[in-house]
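Here is a brief structural report on one protein chain. Keep the sequence and the model in view while reading.

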Amino acid sequence: MAADDGSASLEFITAGMLLLIPLVYLIVALAAIQSAALATEGAARHAARVFVQAPDTAAGSAAAARALELALADHGVAAEAVDLTISCRPNPSNCHTRRGWVTVEVSARVPLPLVPDALDLRTPLAVPLDAAATQQVSRFWGAR
């Protein structure tokens, strides 16, 4: 029995590391993805709100871009990896039509944590996320 002294602690450390390291990485990765999902959803919702309240399309686009950057910065997501698309209906050429609908779509790619950019792998090292929000332009818009 003297030959087995200390083997339980060695087995515990080995098995613990084999199970614990992937579990911790999974938790960190899911936290990063959830944070980015909340950021993109909040950014789309807020950008749609400020767009429909702007006096014109140019001011609305600028306000939506600022709202996007602010919402992403709150969650630590880089704004460079995010695409913002604004579409309008029923009149795509004039977004600020009374009772018109404005849809803001935000697409982001969340890089997996602890994966260096120097790796030139042919597999995706980022998780794509999409969020959309639609707001209606007020029926009283422009009646100031």
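## Overall layout

The protein chain has 2 helices and 3 strands. Along the sequence they follow the pattern α-α-β-β-β. The model is predicted.

Of the 144 residues in the protein chain, 26% are buried. Take the contacts with a separation of 6 or more: 62% of them link residues 24 or more positions apart. The accessible surface of the protein chain is about 9700 Å². Carbon and sulfur atoms account for 62% of that surface.

Helix H1 covers residues 7-53, and Thr40 lies in it. Thr40 has 2% relative accessibility, so it counts as buried; the cut-off is under 20%.

Which residues does Thr40 touch, not counting those up to four places away in sequence? They are Leu72, Val106, Ala108 and Ala131.

## A nonpolar surface patch

Leu20, Leu23, Val24, Leu26, Ile27, Val28 and Leu30 make a nonpolar surface patch. Its area is about 620 Å². One of these residues, Leu30, is found in helix H1, as is the buried Thr40.

## The disulfide

How many disulfides does the structure hold? It holds 1. This disulfide joins Cys88 to Cys95, with an S to S distance of 1.7 Å. Both Cys88 and Cys95 are buried.

About the S-S bond of Cys88 and Cys95 it is about 80°, so the disulfide is right-handed.

Definitions and conventions: Residues numbered from 1 in each chain as written. Predicted model: local features only at pLDDT ≥ 70, side-chain atom pairs only at ≥ 80, totals over all residues. Heavy atoms only, no water. Disulfide = S-S within 2.5 Å. Buried < 20%, exposed > 50% of the residue type's maximum accessible area, 1.4 Å probe, protein only. Helix = DSSP H or I, 4+ residues; strand = E, 2+ residues; numbered from the N terminus. Contact = heavy atoms within 4.5 Å. Patch = residues over 30% accessible without salt bridge, like charges linked within 9 Å, V, L, I, M, F, W, Y side chains within 5 Å. Areas by Shrake-Rupley, 256 points an atom, 1.4 Å probe, with all protein chains shown as cover. Salt bridge = Lys/Arg side-chain N within 4 Å of Asp/Glu carboxyl O.
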